[in-house]
Amino acid sequence: GGRGLGAIQEDEALDLAAWQYARWTGVGLDHARDAIKLDYDAPLAHSALALQLLAHESAAVSHPELVAALRQTRRLLEAGCGEDREVAHATAVEAWAAGDLLKAAGVYEEWLLKHPTDLLALRGAHDAWLALGDGRSMLESVARARPFWDPTAFGYGQMLAMHAFAL
């Protein structure tokens, strides 16, 4: 058994995509694209790309790369590819793309109640609250997650930065 090298590389690319997205560097897009190249059938990679296009690039819903990412995510989920995490991220990104930022934030928040160290979801919620102009919810979101983060965890610094930004 065990997972193949491609799956491990995809996980690393997704971790880097989330980390760079949380740092607001812009290169998170490249890491999401890398994860897609490693496994085109990974719904989370397509959702991560769509989220970053929406949140950081302010991509129009007609942006070809965004349309393709949303379509591929939905196609994969309908084919049975993906677990609860992929479904939650896809649902949030689809809501965002449809202009329902409140629903997107709510989906991320519901996921974060069970998985508070999901850096991609935390940043997605953070950006949705920011776009809505709801600083209080932005702060509460990170404050709820913060006690679950280990200082040695991947993304801990980015979580602290989100908390500081929301203060």
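Biologist: Is Ala-95 buried or exposed?

Modeller: This is a predicted model, so what follows is computed from predicted coordinates. Ala-95 is found in helix H5, which spans residues 84–97. Its relative accessible area is 5%, and the cut-off for a buried residue is under 20%. Ala-95 therefore counts as buried.

Biologist: How far apart in space are Ala-95 and Val-107, C-alpha to C-alpha?

Modeller: Ala-95 and Val-107 are 12 residues apart in sequence. Taken from C-alpha to C-alpha, the separation of Ala-95 and Val-107 in space is 8.9 Å.

Biologist: What percentage of the contacts in the chain with a separation of 6 or more is accounted for by residues 24 or more positions apart?

Modeller: The chain has 167 residues, of which 48% count as buried. Among the contacts with a separation of 6 or more, the share that joins residues 24 or more positions apart is 57%.

Biologist: Which elements give two or more residues to the largest nonpolar core, and which of them gives the largest share?

Modeller: This core has 44 residues, and those touching the most other members are Leu-51, Val-93, Trp-96, Tyr-108, Leu-122 and Trp-149. The elements that give two or more residues to the core are H2, H3, H4, H5, helix H6 (101–114), H7, H8 and helix H9 (156–166). The largest share, 9 residues, comes from H3.

Biologist: Which residue forms a salt bridge with Arg-75?

Modeller: A search of the whole structure finds 6 salt bridges, and in the one formed by Arg-75 the closest N and O atoms are 3.5 Å apart. The pair links distant parts of the chain, since Arg-75 lies in helix H4 (residues 64–78) while its partner lies 34 residues away, in the loop between helix H2 (28–38) and helix H3 (43–55). Arg-75 is partly exposed, at a relative accessible area of 42%, and the partner, likewise partly exposed at 42%, is Asp-41.

Biologist: What separates Arg-123 and Asp-127 along helix H7?

Modeller: The side chains of Arg-123 and Asp-127 meet in a salt bridge, at 3.2 Å from N to O, and both residues are buried. Because Arg-123 and Asp-127 are 4 residues apart in helix H7 (residues 119–132), the separation is about one helical turn.

Biologist: Does Arg-136 count as buried or exposed?

Modeller: Arg-136 forms a salt bridge with Glu-140, in which the closest N and O atoms are 3.0 Å apart, and both residues lie in helix H8 (residues 135–145), 4 residues apart. Glu-140 counts as partly exposed, at 35% relative accessibility. For Arg-136 the relative accessibility is 63%, and because the cut-off for an exposed residue is over 50%, Arg-136 counts as exposed.

Terms used. Residues are numbered from 1 along each chain as its sequence is written. This is a predicted model: local features need pLDDT of at least 70, side-chain atom pairs count only at pLDDT 80 or more; totals for chains, interfaces and linings use all residues. Side-chain values use heavy atoms; hydrogens and water are left out. Buried means under 20% relative accessible area, exposed over 50%, partly exposed in between (1.4 Å probe, protein chains only). Contact means heavy atoms within 4.5 Å. A salt bridge is a side-chain nitrogen of Lys or Arg within 4 Å of a carboxyl oxygen of Asp or Glu. A nonpolar core is a set of buried Ala, Val, Leu, Ile, Met, Phe, Trp, Tyr and Cys residues joined through side-chain atoms within 4.5 Å.
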